[in-house]
Amino acid sequence: MKRYLLGIDIGTSACKAAIFERDGTVAAAGAGEYPVYYPHPGWAEQNPENWWSSVCAAVKQAIRRGGIDPSEIAGIGIDGQSWSAVAVDQDGKSLCNTPIWMDTRAKDICDRINERLNGTGRDVIFDLAGNSLQPSYTTAKILWYQENRPEVFGQIHQILQSNSYIAFRLTGVFSQDVSQGYGLHCFDMHTGTWNLDMCGKLGIPSEFLPPIYPCDSVIGTVTEEAARQTGLAVGTPVVAGGLDAACGALGTGVLHDGETQEQGGQAGGMSICTDTYRADPRLILSYHVVPGKWLLQGGTTGGGGVMRWIEKEFAGYERLMSEQTGKSSLEQLNEIAEKIPAGSDGLVFLPYMSGERSPIWDVNAKGVFYGLDFAKTKGHMVRAAMEGVAFSLRHNLEVAEKAGAEAKVLRAMGGSANSLLWTQIKSDVTGKPIVVPSSDTATTLGAAILAGVGTGFYTDYEEAVALTVRETRRHEPNAGNQEIYQKNYDTYLALYENLKELMAKYVI
């Protein structure tokens, strides 16, 4: 039996490649960064060619670092950020930069469609797709190409997602995994198939849509050209892969009804596993990568990206001190925030740094610090930012509970889960225990598990999770902080309600 599985994660700021042993131990890993381009307000796009070159570099790096024999890799799974619209021609060449999940350039198109449908029509879309029509989704981006880039639209052969684009580069096969189908409103969330009638109503050519595969289905094998560029062995099986949040959920052990992943990467949010179809227009519904399951999700644009922004813009001193202290700038920011009491002495932060997704769906929403005075310090601002992201998590969880999906324990993943302070804040704010598995590798592990099940490396998902997912620590909510956080949470909700008309009126 072969020894390894490879998981590849196409994130927002970088790709990660991790080679796993059967028990989930990381044998080797690599990474490659790439930029996000913001050419206009509301736009956020990436070059898929940058993804591919970074994947090649990261995989080569992992193989070299671990002294891995590529022929010992049993299978490859790929996860990716959601709601891309990678326009490719017949040869699979990307025709332009792709709008990514943060991109809201198609707001006017969605407003027009929703106004035209007005009620019954909107209900038909929601009843089929399980998601409201919003500019962040893939649907709106395809229609934007049609209206604004006809020279691109006319050359489109297929629309791919981030992971299916990399799968194509590895295998030469066009595909669409079932967990990423939720980005298109011609996807039937009840059956996991394309609805051609809805394609016609929305104006999306059905020939743009690749065949849908189960996430653990082997779609092809590594080609000679891909092997030359990545260092992988020719003929290595590649599965369809899945949504990054869904693979992250699998990699934290979320398999059963009510189990919940808490996401702390660039974006923040949660994914509640459910055995039954549960849709709410304020939230996001997708298929899980695990067959027969759905994920009811809440997603904020301001997750770990908030701390990256603070570090970039305000941590010059901490960066200078890193060599002297032996601590990263993020570790130092964490320490100064830890000295501030719960509630940040009344300072409240709205983490709407790129508009906001669920549950308010407002592309005009802006980040806000409220309660600044001369007594506030950098530490107050860092802690308030952490608390604001936790409030957005609570907001989504409360909406999900009203939709009938209650989370009892959160399983945290992503870079922010490495902060004991931030994880405890989230536990205190939500009132939920938080379990932390191996937070940095959860997403790539989930992708690798898909390859493991698809190739027979594991018997099933239960076996895979039992072998690979380990709890590293657990946080229980501190009841003593509940009253403080409740007051700030009420302020958090009231701030948006009082500012949303102003935000819409004075669009920056």
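Which residue stands opposite Leu 410 in strand 23? Ile 434 holds that place. This is a predicted model: local features need pLDDT of at least 70, side-chain atom pairs count only at pLDDT 80 or more, and totals for chains, interfaces and linings use all residues. Residues are numbered from 1 along each chain as its sequence is written, and side-chain values use heavy atoms, with hydrogens and water left out.

**Terms for strands and helices**
- Helices (H or I, at least four residues) and strands (E, at least two) are DSSP runs, numbered from the N terminus.
- Two strands pair if DSSP finds at least two bridges between them.

- An open sheet of 7 strands runs in the order 18-19-17-16-22-23-24, and its pairing is mixed.
- Strand 18 (284-287) and strand 24 (473-475) are at the edges; each has a single partner strand, so one side of each lacks a neighbour in the sheet.
- On average, neighbouring strands of this sheet are turned by 25° against each other, direction ignored. Axes are lines fitted to C-alpha atoms, for helices over the stretch in contact, and angles run from 0 to 180 degrees between N-to-C directions.
- Strand 22 (residues 410-413) and strand 23 (residues 434-436) run parallel and are joined by 2 bridges.
- Helix 9 (residues 244-251) lies across several strands, including strand 16 (260-264), to which it runs at about 120°. Contact means heavy atoms within 4.5 Å.

- Strand 1 (residues 4-10) pairs with strand 2 in the antiparallel sense over 7 bridges. A hairpin of 3 residues links the two.
- Ile 10 stands opposite Cys 15 in strand 2.
- Strand 2 also pairs with strand 3 (residues 26-33), antiparallel, over 7 bridges. Phe 20 has Val 26 in strand 3 as its bridge partner.
- In the hairpin between strand 2 and strand 3, 4 residues lie between the strands, and Gly 24 in the turn has a positive phi of about 90°.
- Strand 2 (residues 14-21) has 6 of its 8 residues buried, so the rest of the structure largely encloses it. Buried means under 20% relative accessible area, exposed over 50%, partly exposed in between (1.4 Å probe, protein chains only).

- Val 348 belongs to strand 20 (residues 348-350). Its relative accessibility is 1%, so Val 348 counts as buried.
- Beyond neighbours within four places in sequence, Val 348 contacts residues including Phe 369, Tyr 370 and Leu 495.
- Val 348 and Glu 387 are 39 residues apart in sequence and 7.7 Å apart in space, C-alpha to C-alpha.
- Phe 314 is in helix 10 (residues 304-314). At 41% relative accessibility, Phe 314 counts as partly exposed.
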